[in-house]
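Here is a short note for a colleague opening this entry for the first time. Please read the points with the structure on screen.

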Amino acid sequence: MNNLYYYLPAALLLVSFAMRVPGLVRHWRDPLVRSVGVVIPVGAVVFFFAAPSTVSQVNRLTGVANFSAPLVFALVTAGSASVIILMLTWRGGPDEQRRRATRWCAGVYGAVIVALLALFALGDAPDERLRDFDTYYATTPFIREMIVLYVLAHAVATVLLSVLCRRWARDVGGLLRASSSSSPEAS
């Protein structure tokens, strides 16, 4: 796959983040502004570090074959957590409840990231794989557990986001609800 497919979205996300920096500086105390201020650059970093040429460079610079695999897994996991936190913040609710949910999410996903790195350190992945790390090492002790943990954490984030969005959708009205009520399915 061409690196352009990775670097272009990373660049676009960085440009959009740069456009948001003045608002981020002015409204830093607003949790929603901070959440968006994390999600966008994390997405850019994920795209940048997932590019095959970056994967190869990181592996070469660290001197560890496949070091990019747990790095990208950790970044995607952090991205999943940041999007959950954004949704929790966007949804609103009592400040203490929102802060508790945010801390819980950050703690759980932080622990997952530490576990991903530990499992990689315990495993043995000597052959550099730029594109098919998951399938190539799917039966390797500790590496397979790292892959399963990564996929499971991402799946949980997806389900949790779906639940949060569904709950939020029931609570909205007005203009946000207007487009769905004018559709043929709503009649």
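1. A term to begin with. A residue is called buried under 20% relative accessible area, exposed over 50%, and partly exposed in between. Leu-8 has a relative accessible area of 44%, so Leu-8 is partly exposed. Keep in mind that this is a predicted model.

2. Where does Leu-8 sit? Leu-8 belongs to helix H1, which covers residues 4-26.

3. The overall fold. The protein has eight helices and zero strands. Read from the N terminus, the order of elements is α-α-α-α-α-α-α-α.

4. Packing and surface. The protein has 187 residues, and 35% of them count as buried. Take the contacts with a separation of 6 or more: 64% of them come from residues 24 or more positions apart. The accessible surface is about 11,300 Å². Carbon and sulfur atoms hold 67% of that surface.

5. Charge. The protein carries 17 positive and 11 negative side chains. The centres of these two sets lie 11 Å apart. Side chains of opposite charge can pair when their charged atoms come close. How many salt bridges does a search of the whole structure find? The search finds five.

6. Arg-144 and Glu-145. The side chains of these two residues meet in a salt bridge, at 3.1 Å from N to O. Arg-144 is at 33% relative accessibility and counts as partly exposed. Glu-145 also has a relative accessible area of 33%, and is partly exposed. Elsewhere, salt bridges with shared partners link Glu-96, Arg-99 and Arg-103 into one network.

7. Arg-103 and Glu-96 form a salt bridge through their side chains, with 3.2 Å from N to O. Is Glu-96 buried or partly exposed? Glu-96 has a relative accessible area of 40%, so Glu-96 falls in the partly exposed class.

8. Asp-132 and Arg-129. Here the salt bridge spans 2.6 Å, N to O. Asp-132 is at 27% relative accessibility, so Asp-132 counts as partly exposed. Arg-129 is partly exposed too, at 25%.

9. Asp-127 counts as partly exposed because its relative accessibility is 38%, between the limits of 20% and 50%.

10. Neighbours of Asp-127. Set aside the residues within four places in sequence. Asp-127 is then in contact with Asn-66, Tyr-136 and Tyr-137. Asp-30 is another matter: Asp-127 and Asp-30 are 97 residues apart in sequence. In space, their C-alpha atoms are 46 Å apart.

11. Points to check on screen. Then go to the network of Glu-96, Arg-99 and Arg-103.

Key
Residues numbered from 1 in each chain as written. Predicted model: local features only at pLDDT ≥ 70, side-chain atom pairs only at ≥ 80, totals over all residues. Heavy atoms only, no water. Helix = DSSP H or I, 4+ residues; strand = E, 2+ residues; numbered from the N terminus. Buried < 20%, exposed > 50% of the residue type's maximum accessible area, 1.4 Å probe, protein only. Contact = heavy atoms within 4.5 Å. Areas by Shrake-Rupley, 256 points an atom, 1.4 Å probe, with all protein chains shown as cover. Lys, Arg positive; Asp, Glu negative; His and termini not counted. Charge placed at Lys NZ, Arg CZ, Asp CG, Glu CD. Salt bridge = Lys/Arg side-chain N within 4 Å of Asp/Glu carboxyl O.
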